[in-house]
Amino acid sequence: MATKKVTVTIPEDLLDEIRADAAERGLSAYVAEALRFKRDRDRLRELVDWLQEEHGPVTEDEHAEALDELDELDAEHQRRRTAGKPDAGEAA
């Protein structure tokens with residue numbers, strides 16, 4: 001993938017934290033990942049705005065139902081992640 005070097009200004013305290021978090025990946029990879037995440041969230045926000053224009057705002061009941069579904073998905077994901085792991089007393 002082609003890359004291009006750019007100059008940005010970041011508050012020094014934030015840069016120190018990012019460098020510590022980015023350690024092995026490197027600062028450029030960390031920043032690129034963060035920018036992709038932000039771009040994706042901006043696009044998702046645009047989609048939500050468009051859907052609400054087309055279909056109206058989400059009701060409290062719909063919101064609660066969606067949160068319940070997310071909780072169920074999170075629980076299933078956690079169950080699957082831990083299902084294949086050996087018990088704490090077993091050798092890995």
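This note reviews helix packing, salt bridges and a surface patch in the structure above.

1. The model is predicted: local features need pLDDT of at least 70, side-chain atom pairs count only at pLDDT 80 or more, and totals for chains, interfaces and linings use all residues. Residues are numbered from 1 along each chain as its sequence is written, and side-chain values use heavy atoms, with hydrogens and water left out.

2. Helix α1 spans residues 12-22, and its buried residues are L15, I18 and A22. Seen down the axis of α1, these residues fall within an arc of 65°, so they line one face of the helix. The arc is taken over the directions from the helix axis to the C-beta atoms. Helices here are DSSP runs (H or I, at least four residues), numbered from the N terminus. Buried denotes under 20% relative accessible area, exposed over 50%, and partly exposed the range in between (1.4 Å probe, protein chains only).

3. The buried residues of α1 pack against α2, where contact means heavy atoms within 4.5 Å. On the face of α1 turned away from its buried side are the exposed residues D13, A20 and D21.

4. The whole structure contains six salt bridges, each defined as a side-chain nitrogen of Lys or Arg within 4 Å of a carboxyl oxygen of Asp or Glu. In helix α2, K38 and D42 lie four residues apart, about one turn of the helix. They form a salt bridge whose closest N and O atoms are 2.6 Å apart. K38 is partly exposed at 48% relative accessibility, as is D42 at 35%.

5. A salt bridge also joins D40 to R39, with the closest N and O atoms 3.0 Å apart. D40 has a relative accessible area of 40% and is partly exposed; R39, at 37%, is likewise partly exposed.

6. In helix α3 (residues 60-83), E76 and R79 are separated by about one helical turn because they are three residues apart. Their salt bridge has its closest N and O atoms 2.6 Å apart. E76 is partly exposed at 29%, and R79 is partly exposed at 46%. A network of salt bridges links E76, R79 and R80.

7. L44, L47, W50 and L51 form a nonpolar surface patch with about 380 Å² of accessible area together. Areas come from the Shrake-Rupley method with a 1.4 Å probe; for residues, only the protein chains shown count as cover. Patch residues have over 30% relative accessible area and no salt bridge; like charges are joined within 9 Å, nonpolar side chains (Val, Leu, Ile, Met, Phe, Trp, Tyr) within 5 Å. L47 lies in helix α2 (residues 27-55) and is partly exposed, at 41%.

Definitions and conventions
Helix = DSSP H or I, 4+ residues; strand = E, 2+ residues; numbered from the N terminus.
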